[in-house]
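User: Please look over the model shown here and answer some questions about how its parts are arranged.

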Amino acid sequence: MTINANGTDIFYKRHLGGRTVVLLHGWGGTHKLFDALFDSLSAAGCDVISLDLPGFGDSAAPSPHFTTDDYADCVRGIIEKLGLCDVTVVGHSFGGRLAILLGVCPLVSAIVLVDGAGIKPRFSFRKWLRVGWYKRAKKRGSDLSGFGSADYKALSGDMREIFVRVVNRHLDNDLKKINVPTLLIWGKNDKETPLYMAKRIKRVVKDCGLVVLEGGHFAYLENSRQFCAIVRNFVFSALYTVHY
């Protein structure tokens with residue numbers, strides 16, 4: 001199914017039921033990455049909505065000037081258009097960025113950050129050197145194709161510019177505004193969003209629990225049955241104090 005939110009046509013699939021859960025995939029992914037969780041929550045009787053975020057999967061490309069906040073506004077628009085309330089938002093990586101921003105939405109009652117992005121990273125010496133090399137290469141007019149993450153290199157045109165805006169929007173101050181129960185599910189060996197980020201979030205968000213899984217940035221796929229059970233338990237108990 002497709003729904004228009006804030007001027008963008010967004011694909012979603014839905015299983016009607018009771019308690020409402022919205023699933024937000026990471027950058028470069030699609031709703032299919034959450035298929036196991038979708039099926040698990042559907043079998044538990046939930047009303048589950050799994051989206052393709054703008055620019056991914058079967059959803060339309062976003063405006064060239066899109067920002068992280070615009071993505072969050074699209075999700076909020078879908079929640080409002082579908083008449084949802086008491087929503088639990090589950091977001092992996094980039095989807096976690098959006099879940100952080102949706103943590104102040106009155107229609108959202110709980111959030112789950114799965115190896116969530118958006119926290120300002122530590123500035124390592126290695127990164128400091130690489131930034132220096134990039135600036136010098138840019139100043140000399142040298143080839144810059146060797147710079148940038150795999151996600152950046154996989155993009156072109158407007159989506160590259162949007163990606164740059166997204167990764168440079170740090171949400172540390174937004175964490176303080178979250179006023180709903182929050183569950184963090186993290187891969188112990190995550191390199192993209194290291195575990196120290198989860199621990200930083202846990203210190204800032206009031207009602208917040210942390211579960212650490214074996215694996216990396218996609219630990220939720222590597223430990224699918226365990227992950228689904230944890231989320232299912234949280235969805236039905238989070239009204240709600242976090243006990244993790």
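User: How many helices and strands does the protein chain have, and what percentage of its residues are buried?

Analyst: This is a predicted model, and the answers rest on values computed from it. Among the contacts in the protein chain with a separation of 6 or more, 69% are between residues 24 or more positions apart. The protein chain has ten helices and eight strands, and of its 244 residues the buried ones make up 51%.

User: Are the helices α2 and α3 roughly parallel or roughly perpendicular to each other?

Analyst: Two packed helices are described by the angle between their axes and the distance between the axes. The axes of α2 (residues 68–81) and α3 (residues 94–102) come within 9 Å and cross at roughly 70 degrees. Angles of 65 to 115 degrees count as roughly perpendicular, and α2 and α3 are therefore roughly perpendicular.

User: Which residues of α3 meet α2, and how do the residues of this contact divide into nonpolar, polar and charged?

Analyst: From α2, the residues Thr 68, Asp 69, Tyr 71, Ala 72, Val 75 and Arg 76 take part, and they meet Phe 94, Arg 97, Leu 98, Leu 101 and Leu 102 in α3. The residues of the contact of α2 with α3 divide into seven nonpolar, one polar and three charged.

User: What length does α2 reach from its first C-alpha to its last, and which of its residues are buried?

Analyst: With 14 residues, α2 reaches 20 Å from its first C-alpha to its last, which is close to the 20 Å expected at 1.5 Å a residue. Gly 83, which follows α2, has a positive phi near 70 degrees. The buried residues of α2 are Thr 68, Tyr 71, Ala 72, Cys 74, Val 75, Arg 76, Gly 77, Ile 78 and Ile 79.

User: Which residues touch the most other members of the largest nonpolar core?

Analyst: In soluble globular proteins, nonpolar side chains tend to be buried together. The largest nonpolar core here has 50 residues, and apart from it lies another core of 24 residues, among them Val 21, Val 90, Ala 219 and Val 231. Not counting residues up to four places away in sequence, Val 22 touches residues including Ile 49, Leu 51, Val 75 and Ile 79. In the largest core, the residues that touch the most other members are Val 22, Leu 24, Trp 27, Tyr 71, Val 75 and Trp 186.

User: Is Phe 38 buried or exposed?

Analyst: Phe 38 lies in helix α1 (residues 35–43), and what covers the buried residues of α1 includes β2, β3, β4, β5 and α10. Leaving aside neighbours within four places in sequence, Phe 38 is in contact with Lys 13, Arg 14, His 15, Leu 23, Val 48 and Ser 50. The cut-off for a buried residue is under 20% relative accessible area; because its relative accessibility is 8%, Phe 38 counts as buried.

User: Asn 6 and Asp 115 each have a positive phi although neither is a glycine; which of them is buried and which is exposed?

Analyst: Most residues other than glycine have a negative phi. The phi of Asn 6, in the loop between β1 and β2, is about 55 degrees, while that of Asp 115, in the loop between β6 and α4, is about 45 degrees. With a relative accessible area of 52%, Asn 6 is exposed, whereas at 1% the buried residue is Asp 115.

How values were computed
Residues numbered from 1 in each chain as written. Predicted model: local features only at pLDDT ≥ 70, side-chain atom pairs only at ≥ 80, totals over all residues. Heavy atoms only, no water. Axes fitted to C-alpha atoms, helices over the stretch in contact; angles between N-to-C directions. Helix = DSSP H or I, 4+ residues; strand = E, 2+ residues; numbered from the N terminus. Parallel < 35°, antiparallel > 145°, perpendicular 65-115°, else oblique. Contact = heavy atoms within 4.5 Å. Nonpolar A, V, L, I, M, F, W, Y, C, P; charged D, E, K, R; others polar. Buried < 20%, exposed > 50% of the residue type's maximum accessible area, 1.4 Å probe, protein only. Core = buried A, V, L, I, M, F, W, Y, C linked by side-chain atoms within 4.5 Å. Expected span 1.5 Å × (residues − 1).
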